[in-house]
Amino acid sequence: MIAVHDLVRYCDRLLDAQRFRDAATNGLQVEGERIIRRLACAVSANQRTIEEAVAWDADALLVHHGLFWGDGVRSISGVVRRRLRPLLLHGVSLLSYHLPLDAHSELGNNAQLAFALGLEPVEPFAEVGSTPIGSIARPPQPWPLDQLVLAIARVTDRQPTVLAGGPSIVERVAILSGSGASAVVEAAERHCQVLVTGEARETTMALARELGITVIAAGHEATERLGVQALAKHLSATFGLESTFLHDPNPI
C-alpha cells in the first residue's frame, strides 16, 4: 500500500511529467482516500470505467485520458457531475497521465506497442513542443507489410485500417499512438515505410499515397491500452498493490 500523494510524486518523477506542455492535467485529478491498496487502470475515465472501478472496490483509478483538459472544468454539471459523483462518494482517487505516458521509453504507449509487435525502438519521433513522444522502431529483419498488419491485428484485437502507399517490405516503422496521423510527413521524411497510429484523417489517404508511405490506423483506444497497463503493473510490483485493467473497447 502507499499514500496517494506519495504515489503521485513517484509517477510524476518516473514519467518526468513536468517536462511536457500538455493540454491535459497530468497527475492527481481527483483526491480520494489517503491510502491506496487497490489500483484500477483504464485508457479513459468515463462513467463506465469509473463505475467499474468503484464496483471493484478500487482506491484509485489510473488512466491515460482523464477528465480535465485545457483550461479545466468551468461547471460541475451534466456529464462531469455524473462522472465525478461516484469518485467523490466512494473516495476513489483519479490519476491521469497523457503525453508523459505516450513518451516513456519503457512504459509508454509507443514503446510498449513496439515491444508487443516485436520491434526494437531505435529513435525518438514526433516532438510536441520540444519533447518527442513517439518512436521509430525496426523489425529484427525486413518484414513483409502483411506480416506487420497481422501483428498489429493480434496486439490490438481488431482489424486495422491500412492506407497503403509505401513498399511491400518494411524496415523502419514510425509509431505514434492515438491521434498521430499528422506525423505522416515527418515519418516519410525520416525514411519510414509505415506509420502506425490510432486514427487517420480524411487527408491521410492521399498524403500517404503521395509521400510513398503506408499508414496503419489501428484504433485510438486500442493503441493506447498497453502503456497504462505497463505502468499499473510496475506500480503493483513496486508497492504491493492489487491491480486490474478495465477494458472499454472503442471502435474509433
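**Overall fold and selected local features**

In the protein chain, 66% of the contacts with a separation of 6 or more are between residues 24 or more positions apart. The model is predicted. Its protein chain contains 9 helices and 15 strands. A compact globule of 252 residues would have a radius of gyration near 18 Å, and the value for the protein chain, 18 Å, agrees with this. Along the principal axes, the C-alpha atoms occupy a box of roughly 55 × 35 × 35 Å. Of the 252 residues, 52% are buried. The accessible surface of the protein chain is about 11,700 Å², and carbon and sulfur atoms contribute 49% of this surface. The side chains include 22 positive and 28 negative ones, with the centres of the two sets 4 Å apart.

Helix 2 spans residues 47–55, and its buried residues are Thr49, Ile50, Ala53 and Val54. These four residues lie on the same side of helix 2, because they cover an arc of only 140° around the axis. An α-helix has 3.6 residues a turn, so residues three or four places apart point the same way. Arg48 and Ala55, on the other side of helix 2, are exposed. The packing partners of the buried residues of helix 2 are strand 4 (38–44), strand 5 (60–65) and helix 3 (78–90).

Phe245 belongs to strand 15, which runs over residues 242–245. The relative accessibility of Phe245 is 24%, so Phe245 counts as partly exposed, given that buried means under 20% and exposed over 50%. Apart from neighbours within four places in sequence, the contacts of Phe245 are Cys41, Ala42, Val43, Arg225, Val228 and Gln229. Between Phe245 and Arg138 the C-alpha to C-alpha distance is 29 Å, and the two are 107 residues apart in sequence.

Most residues other than glycine have a negative phi. Asp16, however, is a residue other than glycine with a positive phi, near 50°. Asp16 sits in the loop that joins helix 1 (4–15) and strand 2 (27–30), and with a relative accessible area of 35% Asp16 is partly exposed. Asp157 is not a glycine either, and has a positive phi of about 60°. The loop that holds Asp157 lies between helix 6 (145–156) and strand 10 (161–163). Asp157 has a relative accessible area of 66% and is therefore exposed.

How values were computed: Residues numbered from 1 in each chain as written. Predicted model: local features only at pLDDT ≥ 70, side-chain atom pairs only at ≥ 80, totals over all residues. Heavy atoms only, no water. Helix = DSSP H or I, 4+ residues; strand = E, 2+ residues; numbered from the N terminus. Rg over C-alpha atoms; globule rule 2.2 N^0.38 Å. Buried < 20%, exposed > 50% of the residue type's maximum accessible area, 1.4 Å probe, protein only. Contact = heavy atoms within 4.5 Å. Areas by Shrake-Rupley, 256 points an atom, 1.4 Å probe, with all protein chains shown as cover. Lys, Arg positive; Asp, Glu negative; His and termini not counted. Charge placed at Lys NZ, Arg CZ, Asp CG, Glu CD. Arc of directions from axis to C-beta.
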